Each structure stands twice: as C-alpha cells, then as structure tokens.
Amino acid sequence: MTKVIAEPYSPPVEKAWTSRAARSSTGALHGSTIGVVGGILTEPSPGEIGYAAAKHGVVGVMHTLANAVAADSIRVNVVHATGVNTPMVVNEAMGRHFQDHPEIAKIVVNPLPVPGGMLEPADVTNTVLHLVSDAGRYITGQSVVVDAGYTTYR
C-alpha cells in the first residue's frame, strides 16, 4: 500500500508548513513536516476564540499525523510562536484591532525582553531548522513553543 501525504494549504502571505523528506541509502523515505502556528492563547480577548480553537485543532491534526507516519520515519511537529515581525502581525487591520481593544496590549507581553516586542522570522526559522535537521531526528508529535515566555507569563 502506498501512502500519499499532501502538503497542507499554504497561505499567500507566508508559508505555514515546511517539509523535508529524503530517501536513505536503503531507499526508505524519511523526513519531517513542521507546522508553524501562532501561540496557544491562554486568556480570552476580543475576536480570538476562533483563533484559539484553530490552533488547538492544528495540534490535534499534528498528533494524529505524527502517529500515522512515524513508522515511515516521518516526523511531524508544530512550532508555536509569539508575535513575529511579519505581515500577518504588522498590518493596518491588526493596528486597528489593538486600537479598538487597548486591553489586549496588557495581555500580549513577552517576559523575556524582545527588541520591538516581536520576534524576527529568523528566530522561528532557527527552531524549524533544528526540527528538520538530523539533530531533531527523534522529535515528533511535539508542540515546540518559541514565545519568549508568553504562555507562561501571568
């Protein structure tokens, strides 16, 4: 039986999933798939209940997929990041959202000092590179958090 694994939909602004697969010297397929999603929200704020539900859904899919493809040496993980300096966060709509809901500014604080308050894309990329490299060869089914302490800060 042949297993076919389709790469998930990638939004036009930034690629949300990355995959790396190769054949070993024996011809066996092995590799890694990483989903990069925002942080798991721990406190409600306006308009974010659906966002939080979607993030938890991605984690459920990741767990199921990780178990389904582990026998083929394919790893599946999700990286949860705090705010990252990308068009998803730095745009007029988000600016208006923060203006309309100033109480959110009290919630979206990273305890580690982060210049400008947001990670740079390279900060997340470095984690993804570790997970898809041989150094991450035994990491699968995990939610890896790169959030400067955001989810533990309360």
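In this predicted model, Val84 touches Val89, Met118, Leu119, Glu120, Pro121 and Val124, leaving aside residues up to four places away in sequence, where a contact means heavy atoms within 4.5 Å. Local features need a pLDDT of at least 70 and side-chain atom pairs count only at pLDDT 80 or more, whereas totals for chains, interfaces and linings use all residues. Residues are numbered from 1 along each chain as its sequence is written, and side-chain values use heavy atoms, with hydrogens and water left out.

**Nonpolar cores**
- Val84 also belongs to the largest nonpolar core, which has 11 residues, among them Val79, Ala81, Val114, Leu119 and Val146; such a core is a set of buried Ala, Val, Leu, Ile, Met, Phe, Trp, Tyr and Cys residues joined through side-chain atoms within 4.5 Å.
- Strand 3 (74-81) and helix 4 are the elements that give two or more residues to this core, and helix 4 gives the most, with 4 residues; helices (H or I, at least four residues) and strands (E, at least two) are DSSP runs numbered from the N terminus.
- A second, separate core of 7 residues includes Val59, Ala66, Ile74 and Val76.

**Helix 1**
- The 21 residues of helix 1 (residues 49-69) should span 30 Å at 1.5 Å a residue, which agrees with the 31 Å between its end C-alpha atoms; the expected span is 1.5 Å times one less than the number of residues.
- The buried residues of helix 1 are Ala52, Lys55, Val59, Met62, Ala66 and Val69; seen down the helix axis, they fall within an arc of 135 degrees, so they line one face of the helix, the arc being that of the directions from the axis to the C-beta atoms.
- On the other side of helix 1, Ile49, Gly50, Val61, Thr64 and Asn67 are exposed.

**Confidence**
- The chain averages a pLDDT of 77, and 69% of the residues score at least 70; pLDDT is the predictor's confidence in each residue, from 0 to 100.
- Among the elements, strand 1 (residues 17-23) has the lowest mean pLDDT (52) and helix 4 (residues 121-132) the highest (93).
- Over residues 1-17 pLDDT stays under 50.
- Where pLDDT is low, the predicted coordinates should not be read in detail.

Terms used
Buried means under 20% relative accessible area, exposed over 50%, partly exposed in between (1.4 Å probe, protein chains only).
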